[in-house]
Amino acid sequence: MSSERVYARGVSSQFMNSTFDLLPRRAVVALRASKIREVANAGLGVPNVLPFWFGEPDEVTPQFIRDAAAQSLAAGETFYSHNLGLPELRETIASYLSALHEKPIPAAQIAVTNSGVNALTLAAQSLINPGDRVVCVTPLWPNLVEIPKILSAKVTCVPLRFEATGWRLDLAALLAALTPDTKLVMINSPNNPTGWTITADEQHAVLLHCRKHGIWILADDAYERLVYDTTAPCAPSFLAIAEVNDRLISANTFSKSWLMTGWRLGWLSGPAVWIEQLGKLIEYNTSCAPVFVQRAGIAAIKNGDPIIARTRTRFGAARDHLHAQLATIPGITAHASPGAMYAFFKVDGLTDSLALCKKLVRDEGLGLAPGAAFGDEGEGFIRWCFASEHARLDDGIARLRRYLQ
């Protein structure tokens, strides 16, 4: 008997002392496992694997950031800090956002979190009640879609359209899905996995609609600095257009822009009255971020502009190089993305991207992420993180070409 039937009927006496008694609640059992991790696990023990499945660069964190953490540890900063983060880090983030988005964003609107995904989880926990309706723009990093389900919310997906020029938002469809009974809309832009980036006009339309109906916006801004229009310092942001009382939360991370994926440090920006209450939630989740990691974050923001500039140049060149190579492989359709760090390409006739990616690992030692990991809309596609040196990308292309041909 399946666990679903057990949950539906309740655990009867005949199942006492059985393994069904040991399952977590139904919402957790129903969560989809990460297909990215499934492929990565299939690669364990396979020699000479080239991993492009995770969203992280092939470079270590810059030395000056590591030094700041080491100095903090050497100074004995191994104790708890404020739930909302070190005051200096909150002020540093606030100043950074104020300059980036050309409007005052005070430290009272900032909370430090233990990673970007922790920021997203905290935001969802603070807003979502069981049965609430949440809308997501997809394909999408699976964590964003599954987090509301942990809280027993109902998730509606509005798919992007894959067109001749790339991925595009169906704005009319999104606004139609944002009915007055919607609690929250989650938008990741630049998007993982597609690289799609919402326009300023689209943001205005969404903000006005959500303001009218009292819908919260949770913007996942993890990739906002990784845009390849050299005239723009960042992607269009809801923070730049929101008013002080708008129901807007921005989640961000140090992972991508400052090459700090393993540090697990992020932040939330939201209404000051909401941030005040968030401290309690942080206390009951993680208490606080480690002080030495926060010191690294301060150093990253204060001295990291050259790192971001170099990373954007490097990733932009890698994006163009990879797409030029993909274009030479028959049966692949790909469009260079305006942001993020991924090529999300279509393979003609592909109906099981998970099986294909497992075979690529086993037969060619090439680690890519299956499009199905990002929802039904992603099936038939493959994601490739291009944050690598050209030679490494070329090796991967050779392996992909060999397998497909």
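Select I382 and show its surroundings: leaving aside neighbours within four places in sequence, I382 is in contact (heavy atoms within 4.5 Å) with A343, F344, F345, V347, L350, S353, L356, C357, L368, A369, P370 and G371. This is a predicted model, in which local features need pLDDT of at least 70 and side-chain atom pairs count only at pLDDT 80 or more, while totals for chains, interfaces and linings use all residues. Residues are numbered from 1 along each chain as its sequence is written, and side-chain values use heavy atoms, with hydrogens and water left out.

Stay on I382 and colour by secondary structure. I382 belongs to strand β15, residues 381-385; strands are DSSP runs of E with at least two residues, helices are runs of H or I with at least four, and both are numbered from the N terminus. I382 counts as buried because its relative accessibility is 2%, where buried means under 20% relative accessible area, exposed over 50% and partly exposed in between, with a 1.4 Å probe and protein chains only.

Next, select strand β7, residues 182-188. Of its 7 residues, 6 are buried, so β7 is largely enclosed by the rest of the structure. Strand β3 (residues 133-138) pairs with β7 in the parallel sense over 4 bridges; strands count as paired if DSSP finds at least two bridges between them. One place to look is V135, whose bridge partner in β7 is V185. β7 also runs parallel to β8, joined by 5 bridges, and here N188 has D220 as its bridge partner. Show helix α9 (residues 200-213) as well: β7, α9 and β8 make a right-handed β-α-β unit. Right-handed means that, with the strands pointing away from the viewer, the path from the first strand over the helix to the second runs clockwise.

Move on to D221, in the loop between β8 (216-220) and β9 (248-253). What joins the side chains of D221 and S250? A polar contact of 2.6 Å, that is, a pair of N or O atoms within 3.5 Å, where within protein one must be able to donate a hydrogen and the other to accept it, and residues adjacent in sequence count only if both atoms are side-chain atoms.

Finish at strand β2, residues 110-113. I110 and V112 on one side and A111 and T113 on the other are all buried, covering both faces. β2 pairs with β10 (residues 266-269) in the antiparallel sense over 4 bridges, and I110 stands opposite S269.
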